[in-house]
Amino acid sequence: MKSPLHLTIAILALVASTPAWALKGLPDSIQLPPSVTFKNTDRNVDVEEFGQAEFLIEKNAEGFDQRMVQQGKHYQSVLHMSPRPKPDDSNKTWQEIKPYWLKAGWQIVREWENGATLKRLQGGAEIWATLNVANDFDEIQLDIVEVGGSKVALTLRPPGGTPEKVGDKDDFPYLARFPGTTLKATSQDPSPLDVTVPQKDQEKVLAGTGQAIKTYGYPASVSVLQFITAYRDALAKAGWQILFQSQGLNQSDGILLARYAQGGRDIWVSMHMGAGEIGVAVADAGADDLAARLDRDCHVPLYGVHFDFNKATLREESEPLLNRVLTTLKGQPKLMVELQGHTDNVGSDDYNLKLSGARALAVMQWLVAHGTETSRVSTQGYGKSRPVASNDSDEGRAKNRRVELARKGCQR
């Protein structure tokens, strides 16, 4: 039996005499023995122009594994070694590949039995890689990041002073299309927009009285990280408030929630990227003519007036919609209204009746404090007696938790 030293010498001699194998689609610095090929012939390499990966590095003082996240151009691939190693030769796969990487200038950051974390300099920047031999011993999982920033920077213009008309084939004028994406469909949804902020809201929160939705297709090279980062930065520069962002597990499901509440506008946008599609939903709460709605329907649900969980305390984000109610009342001096509070069916009848009345009263007190005559506004709590949706879902219960503005004497 050959000693480990003799085996190492033999492998180095083989490397010296065997040309390295550079697989098309991977960086040229990835050098492999000729026995390694792509496992998936239909899609050899997944490339994201700006993505990220997590790399295992040294253990800390307590002996726990430490990991480092690197961002940049991201490659993923699954390789195959032929002939397939025997189960008791699981370490042999990595040991056969290792000298080729070292010869190409890679340094080992962390090594384990079936693989390693490696890095090298390339064009003045670092490139990081994880090579890991999977349990069947011939499947080699490769994760590579050429460290750098995103090459996409969006510029968005702020929304105008009045609501814009947006055609079905047009983008939202204040949400420039991400490069390389294609508009696939436009639809209208009469439901208010879900603007729930995880870890902040203890129940689903809604805004607006309807939403416009545009669906886009995107190339595989656009990552969730690149999409979310580009829009987050551009929206913030254009005066939007970023309410929530997430790239999801494994950077596969992106969500971005933002709001623009300046110059008389009140726009909520929810972006979702995943499963090959981008969905952009906009609720333009400022475009809703409250006076016209009152004339037509007699009452308007004020989705966008939000309260603390199980309390009648108005939240700060309610002010833009409250100001629109105030403007409506000032514009029609003879208008008499009732603020009607409603709840879902969670809790006792008595509790919900009191909560709904207290929330309606809180809205009235805000309006009076800002110049509305007390004689023009009354309140009434209805508890859970007037649902507008089923209480069997979170969305339905959220629709039922509302304060409505109703024209007195109007019945339809």
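Leaving aside its neighbours within four places in sequence, His74 is in contact (heavy atoms within 4.5 Å) with Asp46, Val47, Glu48, Gly51, Gln52, Ala53, Asp143, Ile144 and Val145. The structure is a predicted model, in which local features need pLDDT of at least 70 and side-chain atom pairs count only at pLDDT 80 or more, while totals for chains, interfaces and linings use all residues. Residues are numbered from 1 along each chain as its sequence is written, and side-chain values use heavy atoms, with hydrogens and water left out.

His74 lies in strand β3, which covers residues 65–81; here helices (H or I, at least four residues) and strands (E, at least two) are DSSP runs, numbered from the N terminus. With a relative accessible area of 5%, His74 is buried, where buried means under 20% relative accessible area, exposed means over 50% and partly exposed lies in between, for a 1.4 Å probe and protein chains only. The side chain of His74 also makes a polar contact with the side chain of Asp143, at 2.5 Å; such a contact is a pair of N or O atoms within 3.5 Å, of which, within protein, one must be able to donate a hydrogen and the other to accept it, and residues adjacent in sequence count only if both atoms are side-chain atoms.

Strand β3 is also the place of Gln66, which is partly exposed, with a relative accessible area of 29%. Its C-alpha atom is separated by 6.1 Å from that of Leu56, ten residues apart along the chain. Leaving aside neighbours within four places in sequence, the residues in contact with Gln66 are Phe55, Leu56, Ile57, Glu58, Lys59 and Asn60.

At the N-terminal end, α4 is capped by Asp289, a side-chain oxygen of which lies 3.2 Å from the backbone nitrogen of Ala291.

Just after α4, Cys298 takes a positive phi of about 75°, and this residue is buried, with a relative accessible area of 3%. A disulfide (a pair of cysteine sulfur atoms within 2.5 Å) joins Cys298 to Cys410, with an S to S distance of 1.9 Å. The pair links distant parts of the chain, since Cys298 is in the loop between α4 and β16 and Cys410 is in the segment after β19, 112 residues apart. The torsion about the S-S bond of Cys298 and Cys410 is about -55°, so the disulfide is left-handed.

Most residues other than glycine have a negative phi. Asn310, although not a glycine, has a positive phi of about 60°; Asn310 lies in the loop between β16 and α5.

Finally, strand β17 (residues 337–342) and strand β18 (residues 377–381) pair in the parallel sense over five bridges, pairing being counted if DSSP finds at least two bridges between two strands. The chain crosses from β17 through helix α6 (residues 349–369) to β18, and this β-α-β crossover is right-handed, meaning that, with the strands pointing away from the viewer, the path from the first strand over the helix to the second runs clockwise.
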